[in-house]
Amino acid sequence: MIGNKNEGLSITLGFPDGDDYDNKKKQSVYRIWKRLSSLQRSLIFLVLLLCGISAIYIFPNLRQSHTTNTDQVDTAIRDEKDSIQKLVIEKDKEKADFIASLKRKHAKHQIDDLMKKVKNQNGNVAPPVKARGHGEDNVLLPPDDQKEQALSNDARLDHGNEDEDSDKDDNVDGQLNHPLKTVDNDFKVEQKENSAVYDYFSPYRKHSSRQTAVIDAFKMSWSAYKKYAWGHDEFHPISKTHSEWFQLGLTIVDGIDTAIIMGLKTEYEDARTWIQNDLVFTHDRDVNLFETTIRILGGLLSAFHLTKDNVFKEKATDIGNRMLPCFNSPSKVPYSDINLLTGKAHAPRWGPDSSTSEVTTIQLEFRDLSRITGDKKYEKAVDTVSNHVHNLPKKNGLVPIFINANTGHFRNSATITLGARGDSYYEYLLKQWLQTGKTNSMYKDDYKEAVDGMRSQLVRQSEPNKLTYIGELLGGRSFSPKMDHLVCFLPGTLALGYINGMPEEHMDLAKEMMRTCYEMYNKMPTKLSPEIVFFNQAKKSKDDLFVKPADSHNLLRPETVESLFYLHRITGDKIYQDWGWQIFQAFMKYTKVEGAGFSSINNVRSIGNPGFRDKLESFFLAETLKYFYLLFEDSIDYLSLDKYVFNTEGHALPIYSQ
């Protein structure tokens, strides 16, 4: 609109300002509304109403949807956290339950079988349990010389040992609460050997301080042997020279599984390389069937089972085949010696007979060789020997120490002893029964009869402190109070038998004998046992035992340490570890050769001059140090006695189902 300002006219460009514009806008809207018909107004009201209703429903739902989605995410996160927490709790509970279950393993291990037998029998159910044995034949030495700890209710009482240097017999009052034993344990068990190989060389393995000391002793001996005698049978640490017995690298093959068990990778790899590249059986040289079986074949088999390395299996098969001609005697009782190159077997050079322990302590190894190769010829050969000896007449289950390979008969006038030439016959009766999953009762029956014979014919007590010992029957008739250190394999074997179903008095005898074997060390000035002791029987004796000058040497033997290992593993009583630690320290003090490992000594009665014999026996690495290491191991799962049986040279072989 155009007009004169003075006349009240104005020009409106469409952008008025101020209150005038607002008033005009309101009037314009009102005029428009007034111009609308009733129908139009109603429609507008309806649209507005619908919009309002929609707003009421849509906006809260959007807000609720957003909140719901957020809540769902939060809930999912919380649920996931709860699931993880529950899983952790469940795993912790499973772990706790598993640990608790270990304490009752033997009762739980046989409970199903027990219940079946109770239903089918009216006999009484006696109190099973848990797990070992050994003997080394000193007469057979060459001419130039290891999910159950002890049960949860085992008593852990204080034990007397305060006067270890006095002549008084120390008191051991620890008790063993025995788990249930079945009436008859002749049943098949599952294959005990794990298919998976344990990582013995894991960098995360832990060792106790005592185990570390034993490892250091092994490494020191191994290092000296490697430096001065690598590849040779025997090491002489004083003269730093070496010698041959069988020309088979005896110390390497005998000690390799100890290196594995201790987790010593470098030492193991050195030994494996030598065995693969340098161990041959083609030397024109006679070897002893027994010693070669327990040390060479046993060492190779154990290394194979611990590592699953076929190098050891192939070498074991080779040596096994080369020794089979020993069994081609008229009686099938094997000859004692054989030339591995020519295959010619014969009786020993010193006489017509074999030692009883020689022909009856090869069964574990040859049977295991059949199991890993699938060839039954090895097991068949040794089973024939076992069956033959089983049918021979005995004295209350006890056997003379000589047997003729041509006639197949015992020498009736021979001595009956659990020492040299006889010891491991008894050990392998029990262990063959265990190795075959307790399925052949012949071995169990012969073993039980033999222990009964020991108790009635050989067990005596010394004066004045009533030390229980095992004597001998000279000529099969006259009692002698002589006991070899070799007999100290017996406490471990008795305990192993007891936890596998033998009578309770076997365990009682095991503990009494363990005390005696410890005192054979404890009563000597050096705290080391002599090779042979004689026990006093006179009522007015001042000392329980005495030692002849010719018997005062110590050859670093393992039998006492071996039995200490079994007694500790079975009872959980730490007194056996303490006894073992005392013995180990004595070895360190009197048999250690600076810079050259360890040597056997001449006189355990002389602190000032024990005298080195200048010889490291291979069994010191294969057995003595191995059993020290296992003795100081508190875990019952490490080389479980439910899965492995140790041969008489300390080599671990698996337990089979039959």
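Visitor: What kind of crossing, left-handed or right-handed, does α14 make as it passes α16?

Guide: In this predicted model, the crossing in which α14 passes α16 is left-handed.

Visitor: Which residues make the contact between α14 and α16, and how do they divide into nonpolar, polar and charged?

Guide: On the side of α14 the contact is made by Tyr447, Val451, Asp452 and Arg455, while α16 contributes Glu505, His506 and Leu509. Sorted by kind, the residues of this contact are three nonpolar, one polar and three charged.

Visitor: What makes β3 and β5 the edges of their sheet?

Guide: The sheet is open and has three strands, in the order β3-β4-β5, with antiparallel pairing. Each of β3 (286-288) and β5 (345-346) has a single partner strand, so one side of each is left without a neighbour in the sheet.

Visitor: How do you know that β3 pairs with β4?

Guide: Two strands pair if there are at least two bridges between them, and three bridges join β3 to β4, residues 337-339, with the two strands running antiparallel. Within this pairing, Val287 stands opposite Ile338 in β4.

Visitor: What makes both faces of strand β13 count as covered?

Guide: In β13, residues 532-535, Ile532 and Phe534 lie on one side and Val533 and Phe535 on the other, and all of them are buried. This strand also has partners: three bridges join it to β12, residues 482-484, in the antiparallel sense, with Phe534 as the bridge partner of Lys482, and two bridges join β13 to β14, residues 545-546, again antiparallel. Phe535 stands opposite Leu545 in β14.

Visitor: Why is Gly580 called buried?

Guide: Gly580, which lies in helix α18, residues 575-590, has a relative accessible area of 0%, and since buried means under 20%, Gly580 is buried.

Visitor: Which residues is Gly580 in contact with, leaving aside its neighbours within four places in sequence?

Guide: Those residues are Leu564, Phe628, Leu631 and Phe632. As for Glu562, which is 18 residues apart from Gly580 along the chain, the C-alpha atoms of the two are separated by 9.6 Å.

Technical notes:
Residues are numbered from 1 along each chain as its sequence is written. This is a predicted model: local features need pLDDT of at least 70, side-chain atom pairs count only at pLDDT 80 or more; totals for chains, interfaces and linings use all residues. Side-chain values use heavy atoms; hydrogens and water are left out. A crossing is left-handed if the near helix is turned anticlockwise from the far one by less than a right angle, and right-handed if clockwise. Helices (H or I, at least four residues) and strands (E, at least two) are DSSP runs, numbered from the N terminus. Contact means heavy atoms within 4.5 Å. Ala, Val, Leu, Ile, Met, Phe, Trp, Tyr, Cys and Pro count as nonpolar, Asp, Glu, Lys and Arg as charged, and the others, Gly among them, as polar. Buried means under 20% relative accessible area, exposed over 50%, partly exposed in between (1.4 Å probe, protein chains only).
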